[in-house]
Every structure is written in C-alpha cells, then in structure tokens.
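Hi,

Here is the structure for you to look through. My notes follow below it.

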Amino acid sequence: MVSTLDNFERKLQSLDELVTPVYEATNELRLLLNNVDQSLSLVDSVLHYYDICGELTPTVSSGPGGDLTDYLAELDRLEDAVKYFKRVTAVAERERVTQLYDIGRKRLVDETDKLILRYANPLSPKEVMELCESSTTANNMDIHSMQEADMATLRRIIEWFSSHGFRQGLIDSYATKRGTMIRRSIQLLEEHLRKTSIRRGSTNLLSASPNMSQHGITGSNTLRRQGGKLGRFFTPEMSRRLMRSPAAPTLPRGTNASLSTSMTTMDDGVTFESSDDRDTANYKFLLDAFIALLQRDRDLLNYVFPKELQSLVFTKLIELPLVHMREEAQTLCESTERLPHKLDTGKFAIYGIFSILKWFLKSRPTFSKLYQESDIARRQQFTTLSATFEQSAVTCLRGIIDEVRLDTSPPSQGGNVHPLTSHVLAFMEGLLAYEDTATIIASIYVEQEQGINNIVPSGTDKGLYDLGTYFTQLIRWLHTSLAKKSDGYTSRHDTTIRSIFLLNNVNYLLKRLETSPIFAIIQRCQPDLKSKYNDDFQMSLKDYTKCYTPLIIAIQQMLEYDNVNRLSDGKLRDRDREQLKESFASINAAIDNLRQQCQEYIVSDVDLRDRLRNEGKKLILDMYRTYYNKFANKDFTKHREKYIRYDPTIFELTIDNFFEHRL
C-alpha cells in the first residue's frame with residue numbers, strides 16, 4: 001500500500017514537472033497575444049487618425065446641414081485627431097487634420113451666421129411702432145421671432161463652441177449682427193419720423209396780465225386740433241406724447257415786438273410762430289424703440305445663450321445702437337444749445353431736453369431689469385447717454401441767464417411790460433413741468449457755477465433749494481436788465497416813463513409770482529425777495545408822482561404870492577390880475593402836459609392803473625381844490641373859459657381817464 005502511494009506520488013511529481021513548463025509557456029503566449037491585440041488596436045487607432053481626413057472631408061466640408069448632432073460628433077473626432085498629432089512628429093498629418101478641423105468650425109460659424117442673418121433684417125418703422133405699443137400693453141407678442149428649431153440649433157452650436165473654448169468669436173459675430181439690425185431699425189424709424197412729423201402750428205397769444213382774463217389759444221390746443229392727423233403716422237401713445245408739450249405762455253396786452261423776429265403784432269394780440277420740440281419728441285420715440293428692441297433681444301438671449309454668457313453678449317450687442325444714439329443725442333444737444341431766443345421760441349426745445357431727462361429718470365427700473373445679471377460697470381453704458389443731455393441742460397440754463405443778462409432789445413413802447421419779463425416768468429413756469437429733472441440739473445448748475453455744493457439749510461430739499469437759487473439769479477439779472485432798459489428811453493427829460501416802465505414790470509413780476517409755485521421755491525433761498533421788490537415798487541411809485549411836480553409848483557407859487565400880497569376879494573390890482581392869469585395859464589399847461597404824458601403811457605394792469613390814479617389824486621386834489629376855491633372866483637379876466645378850464649371835478653375826471661385810451 002505504501003509502495004503504491006509512493007509510486008503514485010512519483011507519477012504526480014513527474015506529471016507536474018511536465019505540465020508546469022507548458023502552463024508557463026501558455027501564459028507567456030497569452031500575454032504575447034494580448035500585446036499583439038493591443039498593438040493591433042493601437043495601430044488601428046493610429047491608422048484611424050491618419051484616415052480620418054479622407055473619411056470626414058466630404059461631410060465636414062459640406063457643413064452640418066440638417067444633422068447637427070452627427071456633425072458635432074465628427075468635429076469631436078477631428079479634435080481628438082488634432083490632439084493626437086500634437087503629441088507626435090507627423091507634421092504633415094497634423095496640418096491636414098487641423099485644417100479640416102478649422103474648416104468644420106468655420107462651417108459651424110457660417111451656419112450660425114446664416115441662422116442669425118435669417119432673422120437680422122431691420123424692422124420697418126411700422127413694426128417698431130407696433131413693438132413699442134406692445135411693450136406698454138399686456139399683449140403677448142412673439143418677442144424672438146425665431147423658429148424654435150432654429151433657436152435650438154443656434155443654442156447647440158453656441159454651447160459646443162463655448163465648451164471647446166471658442167466662444168468669443170461667436171459672441172462677437174452674434175452681437176455685431178444683432179446690434180447692426182437694431183441700429184438700422186432705429187435709423188429707419190428716425191427717417192420715418194423726420195418725414196412724417198407735423199410741425200406745431202402757430203400759437204395765438206393774447207393778454208395775460210395777472211389781473212386780466214386770458215383768452216389765448218395755446219399751442220397745446222392747436223395740437224389737439226391736429227391730433228387726428230397724427231394717427232396716420234404714430235401709435236396712440238406716440239400721438240399723446242406729441243400733444244403733452246407745455247402750453248405756450250401769453251404776453252401782456254400791448255406788448256411791443258418780441259425778442260425774436262418771429263413775433264408780429266396783430267390787432268390787440270400777438271401771433272407767435274413757435275419753434276417746437278419736434279426733434280426732442282422724435283428722440284424720445286427713438287429711445288422707446290431702442291428699449292423695446294433691446295428687451296426683444298434680451299429675451300431672445302434666454303433662448304440662445306447659456307445664462308452665464310447672456311450679460312456678456314448683451315453688453316456687446318448694445319454697443320453699435322448705443323453709439324448711434326449717442327451721436328444723435330450729441331447732434332440734438334448741440335443744435336438746441338445753438339438755438340437763438342432760448343427764452344422765446346427756443347424754450348420748447350429746451351423743455352424737450354428736460355423731458356428726455358425725465359424719460360431717463362422714469363426708465364431706471366427698465367435699465368435695471370435689462371442689466372439684472374450685469375455688474376455696475378456694464379450698467380454705466382446708459383449713463384454716458386443721459387450725461388450728454390444733463391450737460392446740455394446745464395448749458396441751456398446758463399444760456400438763458402446770458403440771454404437775459406446780455407439782452408439788447410429796446411424798452412417797451414409806452415413803458416409797458418417788456419417781453420423779456422413775461423418770457424422769463426413763462427420759462428420758469430414751464431420748467432416746473434419737469435421739476436423732478438429740473439432740480440437735478442439746477443444742482444449740477446449751481447455746483448459748476450460756485451465750484452462747491454450749495455450749503456442747504458437743514459430740512460430743505462437740496463434740489464428745490466438749488467432750483468430756487470437758479471430762479472433767483474434769473475430774476476436778479478432780469479431786474480438788472482430792466483433797469484438798464486429804463487435808461488434807454490429817448491425822452492431824457494421825461495423821467496416818468498422810466499418809473500412807469502419799472503412799475504409795470506415789477507407789478508407784473510410780483511403778481512405773477514404770487515399765484516405761481518415759483519414763489520415758494522424762491523423763498524427757500526431768498527425769503528426777502530418779495531419785500532425787496534415791494535421796496536423797488538414803492539420807490540418807482542414815488543418817482544412816478546414827480547410828474548405832478550410842475551403842477552404843485554405852479555399852485556404853491558400862487559399861494560405864496562397871495563400870502564405875500566394878500567389879494568383882494570374885490571377889485572384887483574393890475575399886477576395881481578396878470579399874476580392870476582399867468583398862474584392859471586401855468587396850471588392849465590401843467591395839466592395839459594400831464595394828460596398828454598399819460599396818453600403816451602401804457603398801464604395794462606387794472607389795479608396798477610387805479611393805484612397810480614389814486615396816488616395822484618391823493619397828492620394833488622386837495623391842494624388843487626384849495627387853489628381853485630381861493631382864486632377861481634376872483635375877477636381877474638373877462639375870458640374865464642380861457643383861463644379856468646379845469647374845476648376840481650373835471651380835473652379828477654381827467655385823472656380818472658389817465659391810461660384809459662390804450663385799452
């Protein structure tokens with residue numbers, strides 16, 4: 001048994017010695033086979049890289065066509081080949097593969113351009129207006145105007161380029177083409193508005209003394225009559241905006257020729273061909289269109305670009321149309337700044353600048369929404385646009401001051417209210433329609449003029465305080481200019497007309513301010529303005545009463561003569577009779593001269609006329625009654641009607657008729 005087991009063990013050992021080498025050899029052969037398989041696979045892959053150009057050239061060169069997914073997969077294979085040949089020294093093959101890969105990318109760019117250009121035709125003015133109208137209503141418009149398949153294709157291509165590090169070129173291409181489309185759409189709308197805008201009709205301005213009823217037809221009313229014509233060219237919102245311009249102010253009755261050559265007197269009114277704010281109204285239309293087009297493209301970005309790229313693309317896209325809007329803004333501002341007669345016909349264009357600034361102020365939420373994913377620096381793109389109008393508005397305010405300061409128009413006929421006074425007040429009142437922007441511009445103006453910020457009392461709104469500061473400057477220069485004009489009357493011997501001129505203008509100024517919110521604004525920085533001008537009024541009133549001086553002197557001389565010579569109630573001496581004749585002749589001449597003077601004066605304000613008459617009667621009537629009662633009954637002449645022409649009653653009626661013939 002033991003021997004049998006030993007024999008079996010020996011056989012097993014012998015078998016093991018035979019099998020082990022075979023097993024080891026088999027393993028070696030299997031390893032060699034694996035190496036061969038791997039080598040063959042590697043050779044196949046390498047050969048694939050060498051064959052890929054020939055295989056993919058027809059497909060890649062022809063572009064994606066309708067099978068974008070396969071085309072992008074083939075480009076990925078080409079990219080792998082490019083990476084492989086960058087690791088080896090096969091320069092020729094590397095160049096072939098790289099060239100084909102570049103062709104493939106170019107075909108993708110061409111496909112993108114084709115998709116973009118398919119929807120990059122500029123919108124017609126009518127389409128832009130409809131887009132603007134839809135943005136103010138609840139209409140759900142097709143904001144992207146692209147087929148969903150085209151948007152999906154475009155997004156796939158953009159995502160592929162972005163994942164492969166080639167996004168910038170595509171972003172530039174997309175932004176440039178869409179930006180060009182927006183710019184051209186705006187230009188077409190601008191040309192349309194320029195051709196179809198309706199000039200504001202002439203404005204008939206009648207009496208507007210603070211105490212007199214106003215019957216003028218305002219420019220706003222004229223526009224309302226023309227409103228039916230607007231519907232042919234503008235959307236309802238645009239038509240309404242064109243009729244929102246401030247009504248033209250009226251002028252005092254009897255005012256002489258305006259500061260501008262466009263004003264002519266007709267009957268008892270003034271016909272005033274106004275320069276309108278058509279250009280600024282058109283620019284606001286362009287701004288509305290600009291925002292509507294940007295919103296349209298901003299929404300389109302949500303469908304085409306990944307979220308992380310949208311702000312970058314939008315910032316780039318806006319550049320071309322924004323440059324155009326800046327150029328138009330600069331042109332508009334420069335033309336407005338060059339306008340003559342800014343207080344008169346040019347003020348509507350200035351109001352237009354303020355209305356544009358008001359548009360920017362109200363549009364801040366829209367800008368924030370457009371740039372919701374952008375940083376602050378990108379949001380500043382629009383700041384440069386509004387800054388152009390801000391500086392222009394400041395320049396216009398400064399120009400208004402200079403126009404008042406340097407005005408060389410002659411004084412008014414008959415001492416009436418000067419057009420400069422009514423124009424200044426009308427300009428200030430019109431500016432209050434844009435108070436929210438006027439306060440901002442006034443602060444900039446004051447800061448530039450003073451070099452530092454205004455020191456504002458606590459509890460006072462700085463903007464309103466600065467606006468009051470500007471209004472105060474304007475009124476001060478108006479007063480200075482009026483004072484210079486009062487010295488321009490040719491009748492140097494007649495100082496009364498100067499006081500009449502100042503009384504008319506100061507009275508008109510005070511009355512207009514009393515009923516205007518301007519007064520409350522001015523009081524913030526000049527609380528004593530009213531008292532100062534009241535003092536000026538009293539001084540001019542005192543100067544006016546000097547016109548009675550010749551009459552007073554003639555009366556006093558006769559009374560003094562009587563005190564010295566004691567005229568008899570009976571028969572008079574010859575020299576006493578001659579003295580009385582000379583005295584009554586002097587009295588008559590003084591009254592005649594006073595009446596003739598007052599026929600040359602114009603006092604439109606009823607209250608002021610009564611005030612001047614009462615001041616005269618208070619000064620002279622009692623004295624004249626004393627004179628008349630003392631000397632009129634003396635027997636000094638046989639021709640009493642020649643010397644005694646005015647009894648106290650007639651004299652009082654004469655004073656009551658001063659200034660009446662002009663009405």
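**What turned up**

Phe471 touches Met428, Leu431, Leu432, Ile518, Ile521 and Ile522, leaving aside residues up to four places away in sequence. Touching, or contact, means heavy atoms within 4.5 Å.

A word on the source: this is a predicted model, where local features need pLDDT of at least 70, side-chain atom pairs count only at pLDDT 80 or more, and totals for chains, interfaces and linings use all residues. Residues are numbered from 1 along each chain as its sequence is written, and side-chain values use heavy atoms, without hydrogens and water.

Phe471 also belongs to the largest nonpolar core, which has 165 residues. Such a core is a set of buried Ala, Val, Leu, Ile, Met, Phe, Trp, Tyr and Cys residues joined through side-chain atoms within 4.5 Å. Buried means under 20% relative accessible area (1.4 Å probe, protein chains only). Tyr174, Tyr283, Phe389, Phe427, Phe471 and Tyr544 touch the most other members. Helix H9 (residues 278-304) gives the largest share of this core, 13 residues.

Now the whole chain. Buried residues make up 49% of its 663 residues. The chain has 26 helices and three strands. These are DSSP runs numbered from the N terminus: helices are H or I with at least four residues, strands E with at least two. Among contacts between residues at least 6 apart in sequence, 80% join residues at least 24 apart.

Best wishes

How values were computed:
Buried < 20%, exposed > 50% of the residue type's maximum accessible area, 1.4 Å probe, protein only.
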